[in-house]
Amino acid sequence: MLVADDLSCERGGRLIFSGVSFRLEPGRSLALRGPNGSGKSSLLRLVAGLIRPVDGHVRFEVGGQGADAGRMHYLGHLDAFKASLTLLETLAFWCRVYALDEPAPDEDAILDAIDRVGLAHATDLPIGALSAGQRRRAGLARLILMPRPLWLMDEPTSALDRDGEGLLGEAMRDHLAAGGSILVATHLDLPIVPDATLDMAPQDVVLA
């Protein structure tokens, strides 16, 4: 469960948003909507622990116990992939990173995930040779390989073609059906119908 209470966020001396509160239960999805600059991405980064709120707080619980960012997946604009590594090497690396004290998926599981997102033909290609849409699919494979209760997704349909959007929708529905939660920021149509929507209104406030 994710609970946000009266959150305010400042970037570069400007108040981006204030008074944002919501509750996201297991198996539910919440879409953040609003124009550029309204704070959708900043709110995701705040929940992920990458920036701090000016006011308010975020509480994330798994099984009734407080949990940290290691129990989340954050799919942002940057994929943090090393261009010279192959797709297989890249996903194997991230499986080891996300595994922590869990067994990391073996190569067969990685190959299955690559096939599921339609990249079997690119397994041995360097990440730098992949298109933006293919890199987005690779990021989706990373989410599938190492399940986490909460997905934070920033414009997840960006650069995806229609088939890619279909794969994304399937993965999102499977995640929700398994009891996971999704907080997604987007100004585009999603391949699922979110359970709730939070409209982020832009603010023109300069802090003294």
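At what angle do helix α2 (residues 87–99) and helix α4 (residues 132–145) pack, and how far apart are their axes? Before I answer, a word on the basis of this talk. What you see above is a predicted model, in which local features need pLDDT of at least 70 and side-chain atom pairs count only at pLDDT 80 or more, while totals for chains, interfaces and linings use all residues. Residues are numbered from 1 along each chain as its sequence is written, and side-chain values use heavy atoms, with hydrogens and water left out.

To the helices, then. Helices (H or I, at least four residues) and strands (E, at least two) are DSSP runs, numbered from the N terminus. The angle between α2 and α4 is about 40°, and their axes lie 10 Å apart. Here axes are lines fitted to C-alpha atoms, for helices over the stretch in contact, and angles run from 0 to 180 degrees between N-to-C directions. The crossing of α2 past α4 is right-handed, that is, the near helix is turned clockwise from the far one by less than a right angle. In contact (heavy atoms within 4.5 Å) are Leu87, Leu91, Trp94, Cys95 and Tyr98 of α2 with Ala138, Ala141, Arg142 and Leu145 of α4.

Cys95 has a relative accessible area of 3% and is buried; buried means under 20%, exposed over 50%, and partly exposed in between, with a 1.4 Å probe and protein chains only. Cys9, at 0%, is buried as well. The model has zero disulfides, a disulfide being a pair of cysteine sulfur atoms within 2.5 Å.

Thr123 sits in the loop between α3 (107–116) and α4. Is Thr123 buried or exposed? With 11% relative accessibility, Thr123 is buried. Leaving aside residues up to four places away in sequence, Thr123 touches Thr86, Leu87, Leu88, Leu111 and Ile114.

I turn now to strand β7 (residues 150–154). Five of its five residues are buried, so β7 is largely enclosed by the rest of the structure. Leu150, Leu152 and Asp154 cover one side, and Trp151 and Met153 the other. In general, side chains of a regular strand alternate between the two faces of the sheet.

Strands pair if DSSP finds at least two bridges between them. β7 runs parallel to strand β6 (residues 72–75), joined by four bridges, and Leu75 has Met153 as its bridge partner. With strand β8 (residues 181–185), β7 pairs in the parallel sense over five bridges; there, Asp154 is partnered by Ala185.
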